[in-house]
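Biologist: Hi! Could you walk me through this structure, one piece at a time?

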Amino acid sequence: MSDTTVTAKAAPMSQLPQSGPKRVMLKGAILSLALLLQSISVTAAVVSSLKQDFPNASAMELQCFVTVPVLGNIIATLIGGRFATKIGKKNLCIIGTLLCFIGGFLPMFVPILDGQTALRVFAGFGLGLIQPLSASLIVDCFKGKEADTLMGFQSSAVGLGATIISSTIAGIMSFDWHYFYYVYFFALVVMVIVLFFIPNAVNDLGREEVISTETNAAPKQRKKMPISAYFGMLLQIIFATGYGFYTINLSLAAEETGTITAVQAATVITIISVSSLIGGLFFGLVKSFVGMWVGVTAIAMQGIALLIWGNTTSLAAWNVAGVLLGVGFCWFMPYVNILVNEHTDPSISAQATSYAFFGNSVGSFIPPYAFAALGAITGITSPWKSMNMGAAFMVVCIVLILAFMASEKKKTAAIVA
């Protein structure tokens with residue numbers, strides 16, 4: 001390849017900082033995207049407070065304040081991959097964080113619940129744009145152990161962001177919950193970090209014309225999407241549905257117990273976030289001992305947490321459950337990212353990751369409707385007792401993982417034979 005060709009289309013990877021403070025800031029900027037990923041779900045703490053302003057709203061309408069924004073997330077996840085190569089991955093991150101701010105803060109000025117919920121769809125769309133990039137940019141910009149370490153940190157960053165946002169919401173709720181919308185200014189902070197510390201060369205990562213210039217050859221044929229990618233998507237749908245029973249009902253369930261207040265429920269959510277933050281730092285260590293069994297372990301912990309919430313009225317027990325759910329969640333998400341990419345190459349890794357996040361988005365949208373449907377079938381309409389339904393979904397996930405692991409083991413044995 002001639003020097004002229006390289007100058008005309010310099011390799012994006014070669015333009016990224018290779019060492020020193022700038023590389024550290026690049027890592028930090030990419031990880032900062034993950035800080036926003038729970039910025040919609042942690043607002044579940046204000047659902048019961050919304051009843052003060054909208055006393056005639058049904059339970060489903062209140063729950064939709066948290067779940068309907070996922071519609072935007074689903075749409076963005078489906079189309080974001082195509083936008084990434086045309087608009088540029090850095091540019092897409094900036095657009096996503098800006099939409100997150102607009103959809104999160106502006107509902108403060110809308111006096112109608114349905115109007116607030118509809119506007120929050122923009123926040124969901126923005127998060128849907130940056131969610132796959134928060135993981136795929138790590139794979140794009142870093143390799144080997146460096147990438148593995150950052151993937152664990154990415155999970156912790158999700159917990160850190162949830163901790164910051166949920167703690168801020170809990171503090172605001174202690175004097176006036178109406179001002180919780182201000183937490184979305186955090187999205188503007190992340191946008192500025194991305195703007196200044198992610199090089200413009202990142203916009204060229206994944207573009208076919210750049211790849212062909214770097215290799216001086218026609219792009220290779222794309223590898224076939226492995227079955228693990230589709231399984232990961234299915235698993236996420238079922239998992240997120242069960243997890244969503246906590247998201248939509250924890251605050252309402254707390255008040256139903258008669259011993260736990262909405263503010264204490266917000267504190268439980270903070271415990272979940274802190275546990276997720278700390279637990280993510282140990283994901284790599286745990287996986288080195290138990291391998292892909294970390295997925296079963298993570299889901300089992302969350303199932304136990306849901307059972308504790310659904311069958312106890314002790315705040316101490318609820319706090320313990322918060323630790324279990326937080327650690328389990330921060331181990332499950334990187335497990336899925338590894339699962340869907342086990343048999344991929346760089347040409348399809350981002351797409352495979354998007355499948356997992358798409359499944360999570362779909363599953364996050366289902367819970368209110370699953371709760372209503374199961375309530376009609378079983379007669380259980382209690383938000384408190386619905387936690388047991390969430391635990392049942394976790395059991396289904398464990399069964400599916402065990403079946404998939406057995407199938408993969410059988411295939412490997414057949415190949416060896």
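Modeller: Happy to! One definition to begin with: a crossing of two helices is left-handed if the near helix is turned anticlockwise from the far one by less than a right angle, and right-handed if clockwise. Helices here are DSSP runs of H or I with at least four residues, numbered from the N terminus. This is a predicted model, where local features need pLDDT of at least 70 and side-chain atom pairs count only at pLDDT 80 or more, while totals for chains, interfaces and linings use all residues. Residues are numbered from 1 along each chain as its sequence is written, and side-chain values use heavy atoms, leaving out hydrogens and water.

Biologist: Okay, which way does H14 pass H16: left-handed or right-handed?
Modeller: The crossing of H14 with H16 is right-handed.

Biologist: And at what angle do H14 and H16 pack?
Modeller: About 65 degrees, with the axes of H14 (residues 283-290) and H16 11 Å apart. Axes are lines fitted to C-alpha atoms, for helices over the stretch in contact, and angles run from 0 to 180 degrees between N-to-C directions.

Biologist: Which residues meet there?
Modeller: From H14, Phe283, Val286 and Lys287 meet Trp331, Pro334, Tyr335 and Ile338 of H16. Contact means heavy atoms within 4.5 Å. These residues divide into 6 nonpolar, no polar and 1 charged. Ala, Val, Leu, Ile, Met, Phe, Trp, Tyr, Cys and Pro count as nonpolar, Asp, Glu, Lys and Arg as charged, and the others, Gly among them, as polar.

Biologist: What about H13 and H16, how do they cross?
Modeller: The axes of H13 (residues 262-280) and H16 (residues 315-340) come within 7 Å and cross at roughly 40 degrees. H13 passes H16 in a right-handed crossing. Among the residues making this contact are Val268, Ile271 and Gly279 of H13, and Trp318, Gly322 and Trp331 of H16. The contact holds 11 nonpolar, 8 polar and no charged residues.

Biologist: Trp331 again! How far is Thr297 from Trp331?
Modeller: Their C-alpha atoms are separated by 8.6 Å, although Thr297 and Trp331 are 34 residues apart along the chain. Thr297 is found in H15 (residues 294-311).

Biologist: Why does Thr297 count as partly exposed?
Modeller: Because its relative accessible area is 33%. Buried means under 20% relative accessible area, exposed over 50%, and partly exposed in between (1.4 Å probe, protein chains only).

Biologist: New topic: how do H3 and H8 pack?
Modeller: H3 (residues 20-34) and H8 (residues 113-141) pack at about 155 degrees, with axes 7 Å apart. That makes H3 roughly antiparallel to H8. Angles under 35 degrees count as roughly parallel, over 145 as roughly antiparallel, 65 to 115 as roughly perpendicular and the rest as oblique. The crossing of H3 and H8 is left-handed.

Biologist: Which residues of H3 and H8 meet?
Modeller: Arg23, Ile30, Leu31, Leu33 and Ala34 in H3 meet Ile130, Ser134, Leu137, Ile138 and Cys141 in H8. They divide into 8 nonpolar, 1 polar and 1 charged.

Biologist: And Gln38, buried or exposed?
Modeller: Gln38 counts as buried because its relative accessibility is 14%. Gln38 lies in the loop between H3 and H4 (47-53). Not counting residues up to four places away in sequence, Gln38 touches Val158, Ala162 and Phe329.

Biologist: Last one: how many residues of H7 are buried?
Modeller: In H7 (residues 89-105), 13 of the 17 residues are buried, so H7 is largely enclosed by the rest of the structure.

Technical notes
Helices (H or I, at least four residues) and strands (E, at least two) are DSSP runs, numbered from the N terminus. The expected span of a helix is 1.5 Å times one less than its number of residues.
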